Amino acid sequence: MSNFLIDFSKRHAKTFLTFLVQPLVRIGIHPIVLTLLALVCGLVALYFFSNKALFIFFGGIHLLFDMLDGSLARALHKTSPLGTFLDSLSDRLIEGLLLILAPVTTALTFFAFGLFFIQLILFFFTKTMFYARTLLFLFFVFGLFTPGVVVALLFYSVGIIFQLFYLVRRRNI
């Protein structure tokens with residue numbers, strides 16, 4: 001099972017990504033370096049969570065670098081299990097911390113983080129997951145914390161349903 005949104009965006013963004021990746025190829029930046037820079041920028045954005053301008057700046061760089069690291073790896077023929085693992089770890093770490101930092105009720109935080117965690121566990125069996133990190137960033141930029149976490153909850157709920165459906169279907173085959 002694949003993630004429809006990721007597959008769709010990869011198909012339609014390939015030309016744009018190629019344009020952005022070419023300077024990085026010429027410079028010779030290793031994809032894992034870009035992944036680590038994305039992680040650092042994401043953590044810095046979270047550090048500046050209460051400073052909207054810096055949160056937007058570093059969050060935007062985080063999302064840009066995260067978008068480019070895989071394309072750079074493919075362009076350089078340097079895809080690796082380590083790079084894939086670090087990219088996914090970075091994404092989920094930032095997403096989990098965004099949920100924890102959201103100024104919403106404690107119950108909503110625990111519920112959202114609980115579903116996020118359940119989806120992470122099911123990921124190890126299904127290799128599929130519905131991501132909400134980018135949506136959380138977008139909602140939080142506009143100060144829409146509760147709606148952002150609720151939308152993330154909906155994504156996680158649908159993701160868990162798909163993961164469970166996948167597991168049940170796989171057992172019947």
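Reader: Taking contact as heavy atoms within 4.5 Å, what does Gln119 touch, leaving aside its neighbours within four places in sequence?

Author: Gln119 is in contact with Met129, Phe130, Tyr156, Gly159, Ile160 and Gln163. Bear in mind that this is a predicted model: local features need pLDDT of at least 70 and side-chain atom pairs pLDDT 80 or more, while totals for chains, interfaces and linings use all residues. Numbering runs from 1 along each chain as its sequence is written, and side-chain values use heavy atoms, with hydrogens and water left out.

Reader: OK. Where does Gln119 sit, and is it buried or exposed?

Author: Gln119 is in helix H5; helices are DSSP runs of H or I with at least four residues, numbered from the N terminus. It is buried, at 0% relative accessibility. Buried means under 20% relative accessible area, exposed over 50%, and partly exposed in between, with a 1.4 Å probe and protein chains only.

Reader: Switching to rings: how many aromatic pairs are there?

Author: Twelve. Rings of Phe, Tyr and Trp (its six-membered ring) pair if their centres lie within 6.5 Å; planes under 30 degrees apart are stacked, over 60 edge-to-face, the rest tilted. One of the pairs is Tyr47 with Phe48, edge-to-face at 5.1 Å centre to centre and 80° between the planes. Tyr47 is exposed at 68%, and Phe48 is partly exposed at 25%.

Reader: And what about Phe113 and Phe116?

Author: That pair is tilted, with 5.7 Å between centres and 45° between planes. Both residues lie in H5 (residues 106–126), three residues apart, about one turn of the helix. Phe113 is partly exposed at 29%, whereas Phe116 is buried at 2%.

Reader: Which residues do ring pairs link into a cluster?

Author: Phe49, Phe55, Phe137, Phe140 and Phe145.

Reader: Which residues of H6 are buried, then?

Author: In H6, residues 133–141, the buried ones are Arg133, Leu136, Phe137, Phe140 and Val141. They span an arc of only 130° around the axis, so they lie on the same side of H6. The arc is taken from the directions from the helix axis to the C-beta atoms.

Reader: Last one: which ring does the charged end of Lys127 sit over?

Author: The ring of Phe123, 5.6 Å from its centre. A charge sits over a ring if NZ of Lys or CZ of Arg is within 6 Å of the ring centre and within 35 degrees of the ring normal.

Definitions and conventions. Helix = DSSP H or I, 4+ residues; strand = E, 2+ residues; numbered from the N terminus. Contact = heavy atoms within 4.5 Å.
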